[in-house]
Amino acid sequence: MIKAVIFDMDGVLIDTEPLHYRCWKEILKEHYDVEFDYDIYLPCIGSTRQFFRDLVKEHYGVDFPDLDEMNRIMKVKKSQIVKAEGFPEMPGVENALKEMGYKLAVASSSPESEIMDAMTRLGLMPYFDSITSRDHVEHPKPEPDTFLLAAERLNVPTDNCLVIEDSTN
(Lines give C-alpha, C1' and ligand atoms only; values in the text may rest on other atoms or scores of the structure.)
Protein backbone atom coordinates (compact mmCIF):
# COMPACT_ATOMS: atom_id res chain seq x y z
CA MET A 1 0.00 0.00 0.00
CA ILE A 2 1.35 3.42 -0.97
CA LYS A 3 1.85 5.72 2.03
CA ALA A 4 4.30 8.25 0.57
CA VAL A 5 5.20 9.83 -2.74
CA ILE A 6 8.77 10.95 -3.40
CA PHE A 7 9.25 13.42 -6.23
CA ASP A 8 12.27 14.33 -8.24
CA MET A 9 12.21 18.11 -8.64
CA ASP A 10 13.68 19.14 -12.00
CA GLY A 11 11.38 18.11 -14.81
CA VAL A 12 8.72 16.74 -12.46
CA LEU A 13 7.70 19.47 -10.02
CA ILE A 14 9.19 22.37 -11.93
CA ASP A 15 10.13 22.77 -15.57
CA THR A 16 13.80 23.55 -14.99
CA GLU A 17 15.49 21.28 -17.50
CA PRO A 18 15.05 23.73 -20.43
CA LEU A 19 16.22 26.53 -18.12
CA HIS A 20 19.31 24.60 -17.04
CA TYR A 21 20.24 23.74 -20.61
CA ARG A 22 19.80 27.37 -21.64
CA CYS A 23 21.98 28.55 -18.74
CA TRP A 24 24.78 26.14 -19.57
CA LYS A 25 24.51 26.89 -23.29
CA GLU A 26 24.85 30.64 -22.63
CA ILE A 27 27.65 30.15 -20.07
CA LEU A 28 29.69 27.97 -22.41
CA LYS A 29 29.20 30.40 -25.29
CA GLU A 30 29.98 33.54 -23.25
CA HIS A 31 32.94 32.15 -21.28
CA TYR A 32 34.46 29.57 -23.64
CA ASP A 33 33.03 30.29 -27.12
CA VAL A 34 31.53 26.77 -27.21
CA GLU A 35 28.29 25.82 -28.98
CA PHE A 36 26.76 23.39 -26.49
CA ASP A 37 24.81 20.61 -28.18
CA TYR A 38 21.59 19.40 -26.54
CA ASP A 39 22.36 15.75 -27.35
CA ILE A 40 25.54 16.04 -25.30
CA TYR A 41 23.59 17.69 -22.45
CA LEU A 42 20.93 14.92 -22.28
CA PRO A 43 22.92 12.49 -20.07
CA CYS A 44 23.33 15.32 -17.54
CA ILE A 45 19.61 15.43 -16.76
CA GLY A 46 19.13 14.01 -13.28
CA SER A 47 22.87 13.76 -12.70
CA THR A 48 25.39 15.79 -10.70
CA ARG A 49 27.37 18.90 -11.50
CA GLN A 50 30.56 16.82 -11.33
CA PHE A 51 29.15 14.57 -14.06
CA PHE A 52 28.34 17.68 -16.12
CA ARG A 53 31.82 19.09 -15.54
CA ASP A 54 33.46 15.83 -16.65
CA LEU A 55 31.22 15.59 -19.72
CA VAL A 56 31.96 19.15 -20.86
CA LYS A 57 35.69 18.56 -20.41
CA GLU A 58 35.51 15.32 -22.40
CA HIS A 59 33.50 16.74 -25.31
CA TYR A 60 34.72 20.33 -25.49
CA GLY A 61 37.97 20.47 -23.57
CA VAL A 62 36.46 23.01 -21.17
CA ASP A 63 37.75 22.62 -17.64
CA PHE A 64 35.84 24.72 -15.13
CA PRO A 65 38.27 25.93 -12.41
CA ASP A 66 36.38 24.09 -9.65
CA LEU A 67 32.87 23.05 -8.71
CA ASP A 68 32.28 26.02 -6.42
CA GLU A 69 33.16 28.48 -9.19
CA MET A 70 31.10 26.52 -11.70
CA ASN A 71 28.11 26.58 -9.34
CA ARG A 72 28.58 30.32 -8.74
CA ILE A 73 28.57 31.04 -12.48
CA MET A 74 25.43 28.92 -12.92
CA LYS A 75 23.68 30.61 -10.01
CA VAL A 76 24.36 34.06 -11.46
CA LYS A 77 23.15 33.08 -14.95
CA LYS A 78 20.04 31.34 -13.62
CA SER A 79 19.18 34.34 -11.43
CA GLN A 80 19.48 36.68 -14.41
CA ILE A 81 17.09 34.60 -16.50
CA VAL A 82 14.60 33.96 -13.68
CA LYS A 83 14.59 37.66 -12.75
CA ALA A 84 13.85 38.63 -16.35
CA GLU A 85 11.38 35.86 -17.23
CA GLY A 86 10.11 34.29 -14.01
CA PHE A 87 10.53 30.79 -12.63
CA PRO A 88 9.48 27.91 -14.91
CA GLU A 89 6.35 26.37 -13.43
CA MET A 90 5.08 22.91 -14.29
CA PRO A 91 1.36 23.26 -15.05
CA GLY A 92 -1.03 21.60 -12.58
CA VAL A 93 1.55 20.62 -9.96
CA GLU A 94 0.17 22.65 -7.07
CA ASN A 95 -3.38 21.39 -7.58
CA ALA A 96 -2.14 17.80 -7.76
CA LEU A 97 -0.12 18.18 -4.55
CA LYS A 98 -3.17 19.57 -2.72
CA GLU A 99 -5.07 16.39 -3.57
CA MET A 100 -2.36 13.78 -2.84
CA GLY A 101 -3.28 12.62 0.66
CA TYR A 102 0.13 10.99 1.23
CA LYS A 103 3.34 11.96 2.95
CA LEU A 104 5.35 13.86 0.35
CA ALA A 105 9.07 14.39 -0.19
CA VAL A 106 11.40 15.93 -2.72
CA ALA A 107 14.52 13.91 -3.60
CA SER A 108 16.71 15.77 -6.07
CA SER A 109 20.24 15.83 -7.40
CA SER A 110 20.11 19.63 -7.19
CA PRO A 111 21.85 21.40 -4.30
CA GLU A 112 19.62 21.92 -1.26
CA SER A 113 19.77 25.71 -1.64
CA GLU A 114 18.37 25.47 -5.18
CA ILE A 115 15.60 23.12 -4.10
CA MET A 116 14.56 25.40 -1.26
CA ASP A 117 14.68 28.47 -3.51
CA ALA A 118 12.58 26.88 -6.25
CA MET A 119 10.00 25.33 -3.92
CA THR A 120 9.66 28.59 -1.97
CA ARG A 121 9.34 30.81 -5.06
CA LEU A 122 6.58 28.60 -6.43
CA GLY A 123 4.77 28.27 -3.09
CA LEU A 124 5.20 24.48 -2.98
CA MET A 125 7.15 24.09 0.30
CA PRO A 126 4.08 23.70 2.53
CA TYR A 127 3.11 20.48 0.74
CA PHE A 128 6.32 18.59 1.54
CA ASP A 129 7.25 16.73 4.70
CA SER A 130 10.89 16.29 3.69
CA ILE A 131 13.51 17.64 1.29
CA THR A 132 16.53 15.51 0.38
CA SER A 133 19.28 16.72 -1.94
CA ARG A 134 22.59 15.50 -3.28
CA ASP A 135 24.10 17.41 -0.36
CA HIS A 136 22.70 14.82 2.06
CA VAL A 137 24.06 11.60 0.56
CA GLU A 138 27.46 10.18 -0.28
CA HIS A 139 26.26 8.70 -3.59
CA PRO A 140 23.71 10.97 -5.32
CA LYS A 141 21.62 10.02 -8.32
CA PRO A 142 21.73 8.03 -10.43
CA GLU A 143 22.39 5.89 -7.32
CA PRO A 144 19.22 5.31 -5.26
CA ASP A 145 20.63 6.83 -2.03
CA THR A 146 18.73 10.13 -2.35
CA PHE A 147 15.39 8.32 -2.65
CA LEU A 148 16.26 5.87 0.12
CA LEU A 149 17.13 8.69 2.52
CA ALA A 150 13.91 10.51 1.58
CA ALA A 151 11.88 7.41 2.51
CA GLU A 152 13.80 7.09 5.77
CA ARG A 153 13.15 10.74 6.61
CA LEU A 154 9.44 10.19 5.98
CA ASN A 155 9.61 7.13 8.25
CA VAL A 156 7.94 5.05 5.54
CA PRO A 157 9.30 1.68 4.32
CA THR A 158 10.52 1.82 0.73
CA ASP A 159 7.93 -0.80 -0.28
CA ASN A 160 5.26 1.76 0.63
CA CYS A 161 6.78 4.61 -1.39
CA LEU A 162 6.07 5.67 -4.94
CA VAL A 163 8.89 7.54 -6.68
CA ILE A 164 8.11 9.94 -9.51
CA GLU A 165 11.21 10.60 -11.61
CA ASP A 166 11.56 11.80 -15.20
CA SER A 167 15.23 11.05 -15.83
CA THR A 168 16.47 7.84 -17.38
CA ASN A 169 19.75 8.22 -15.47
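The largest pocket in this predicted model has a volume of about 190 Å³. Its lining includes Met74, Lys75, Lys78, Ser79, Val82 and Phe87. Ser113, Glu114, Asp117, Ala118 and Arg121 also line the pocket. Two elements, α4 (67-85) and α6 (112-121), each give two or more residues to this lining.

The strands form an open sheet of 4 strands. Their order is β3-β2-β1-β4, and the pairing is parallel. β3 (130-132) and β4 (161-164) stand at the edges. Each has a single partner strand, so one side of each is left without a neighbour in the sheet. From one strand to the next, the twist averages 20 degrees.

Strand β1 (residues 4-7) pairs with β4 in the parallel sense over 4 bridges. Here Val5 has Leu162 of β4 as its bridge partner. β1 also pairs with β2 in the parallel sense, again over 4 bridges. In that pairing, the bridge partner of Ile6 is Ala105 in β2. The side chains of β1 are divided between two directions. Ala4 and Ile6 point one way, while Val5 and Phe7 point the other way. All of these β1 residues are buried.

Helix α7 (residues 145-154) has its own set of buried residues, namely Thr146, Phe147, Leu149, Ala150, Ala151 and Leu154. The cover over them includes strands of the sheet: β1, β2 (103-107), β3 and β4. Just after α7, Asn155 takes a positive phi of about 60 degrees.

With neighbours within four places in sequence left aside, Thr132 is in contact with Val106, Ala107, Ser108, Ile115, Thr146, Leu149, Ala150 and Arg153. Among these, Thr146, Leu149 and Ala150 are buried residues of α7.

How values were computed
Residues are numbered from 1 along each chain as its sequence is written. This is a predicted model: local features need pLDDT of at least 70, side-chain atom pairs count only at pLDDT 80 or more; totals for chains, interfaces and linings use all residues. Side-chain values use heavy atoms; hydrogens and water are left out. Two strands pair if DSSP finds at least two bridges between them. Axes are lines fitted to C-alpha atoms, for helices over the stretch in contact, and angles run from 0 to 180 degrees between N-to-C directions. Contact means heavy atoms within 4.5 Å. Buried means under 20% relative accessible area, exposed over 50%, partly exposed in between (1.4 Å probe, protein chains only). On a 1 Å grid over the protein atoms alone, a cavity is a set of points where a 1.4 Å probe fits but cannot get out, and a pocket is an open set with protein on both sides within 12 Å along at least five of seven lines; lining residues have an atom within 4 Å of a point. Grid points are joined across faces, edges and corners, and a volume is the space filled by probe spheres set on the points.
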